[in-house]
Amino acid sequence: MPTFSGRRDMIQCWSFSGKAMASSGNAKKMREEATCSICLNLMVEPVSVSCGHSYCHLCIVRFIENVRLLQPWLGTFSCPQCRATFQMASLRPNKQLGTLIEAIREMEHEMSCEEHGEKLHLFCEDEGQLICWRCERTPQHKGHTTALVEDVCQGYKEKLQEAVTKLRQLEEECMNLKVFTEKQITEWNEKINIQRQKIQSEFKNLQSFLHEEEKCYLWRLEKEKEQILRRLRDNEANLGRKSHELESHILELEAKCQGSAQNLLQDVKDTLSRSWAVKLETPEALSMEVHTVCHVSELYFDVKKMLRRYQVSVTLDPDTAHHELILSEDRRQVTRGCPQEKLDTSRRFTALPCILGCEGFTSGKHYFEVDVGEGTGWDLGLCMENVQRDIGMMRTPQSGFWAIRLCKKKGYVALTSPLTSLHLKEQPLVVGVFLDYEAGVVSFYNITTGSHIFTFPGTSFSDTLRPYFQVYQYSPLFLPSPNE
């Protein structure tokens, strides 16, 4: 490392060699040459006029404009310094002067020691600050490690670059985390939207179910009303007839009493006998309490729970099974396979691969579930006991069938006439079938989601209804026990 005196000489040499402008006299002279005589500051975008004097471009343009305001007819102007004339077109940029002005600005911006006024050409490692050669001799920096700025600049530049590299990595990680967070926000919003749609769909399904239940209860209430009113009106008619009969007897007796003695005694015993024989029968005592009651707030918070209040156990009837249908031992599962030898009877389906449940319904509410799994085709629902089984007729309410179907071509449909397409948001793995015999209602539900699928228009049943199934290839059906 150079000695202090040697290093000081080097520093002083930098300050006074190589650049003539570094001497205070030359620097002052150069600044004077680079100062605009109009604004008295270092020129900005210097331009020269014909006489050779230079000014800030903006200053000389404003000078010309001010002259024109007073003497608009002038075509030539006088130099602010020497009064030589020039024209506007003679203005030329002075690039060399511009370069000199930039050098002056850099020189003036070079930092100097506030305490000693010397250039800060040393760096104190202990204090981590720039110092001059005189600062190095003060007690404050005695024994400190110092070095020329040029000697340590590259090392610190590399450290700063390392810090920049690290910060770049952190910035990249930050951006990746930001992108990940934005993705999370998008996914979260999508999940919320899906859940919102699901909630809305479930409430819509519940509203549909409640609407059907409301119609059912109102129908039952109306039926109860008509039954009681009919009996009350019969009582009213009987009492009317009896009142007329009594009035006739009263008039007959009053007429005898008002007539002559001979007329009064004429057949008096027979008249009295007939009068005493008249009896008043008390009308049938009817309960005036309404039996059709529905506690909505207590019943309808869970569609599946409501339906399963009416659940019945359904098993398959082997005597109705088509030749291609194979039943499990417990008669709760049916699969379509190779034809088997079975005794043909009037009860067996021979035209299509169908089968009925053993249970028959002639009144009340009943509900059962069918596990359809991920099968690609099936028919299920209810049918009349006396439907034809040896011809391939349309399975519609007109022919005694209330069923829905899944098929490859049309998807989910209700077997109405014409067919009704069913647009289901989710595939049902378990289908619920609900019957209200008195109301004439057959409804279907997706038990996987607890949502309503379809309800056939109300009708009037007059025969036994039985569970009905048509089985497709590779799509077995299973009837779970109510306890499962």
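## Strand β20 and its partners

Strand β20, which covers residues 465–471, is mostly covered, with 7 of its 7 residues buried, where buried means under 20% relative accessible area with a 1.4 Å probe and protein chains only. The model is predicted, so local features need pLDDT of at least 70 and side-chain atom pairs count only at pLDDT 80 or more, while totals for chains, interfaces and linings use all residues. Residues are numbered from 1 along each chain as its sequence is written, and side-chain values use heavy atoms, with hydrogens and water left out.

Strands here are DSSP runs of E with at least two residues, numbered from the N terminus, and two of them pair if DSSP finds at least two bridges between them. β20 pairs with β11 in the antiparallel sense over 3 bridges, with I355 opposite F469 and L356 opposite Y468. Strand β13, residues 378–384, also runs antiparallel to β20 and is joined to it by 7 bridges, and C383 stands opposite R466.

## The sheet as a whole

These strands belong to an open sheet of 6 strands with antiparallel pairing, in the order β11-β20-β13-β14-β15-β16. β11 (354–356) and β16 (420–421) stand at the edges, and because each has a single partner strand, one side of each is left without a neighbour in the sheet.

## Nonpolar cores

A nonpolar core is a set of buried Ala, Val, Leu, Ile, Met, Phe, Trp, Tyr and Cys residues joined through side-chain atoms within 4.5 Å. The largest such core has 46 residues, of which W378, L380, I404, F444 and F469 touch the most other members. Leaving aside residues up to four places away in sequence, L380 touches residues including V370, W402, F444, Y468 and F469, a contact being heavy atoms within 4.5 Å. A second, separate core of 21 residues includes M30, L42, C56 and I64.

## Aromatic pairs

The structure holds 11 aromatic pairs, defined by ring centres within 6.5 Å for Phe, Tyr and Trp (its six-membered ring), with planes under 30 degrees apart counted as stacked, over 60 as edge-to-face and the rest as tilted. The rings of W378 and Y412 have centres 6.1 Å apart and planes at 55°, so this pair is tilted; the pair links distant parts of the chain, joining strand β13 to strand β15 across 34 residues, and both residues are buried.

F454 and F456 form an edge-to-face pair, at 5.0 Å centre to centre and 85° between the planes, and both F454 and F456 are buried. F349, F401 and Y468 form one aromatic cluster.

Note on methods. Helix = DSSP H or I, 4+ residues; strand = E, 2+ residues; numbered from the N terminus. Buried < 20%, exposed > 50% of the residue type's maximum accessible area, 1.4 Å probe, protein only.
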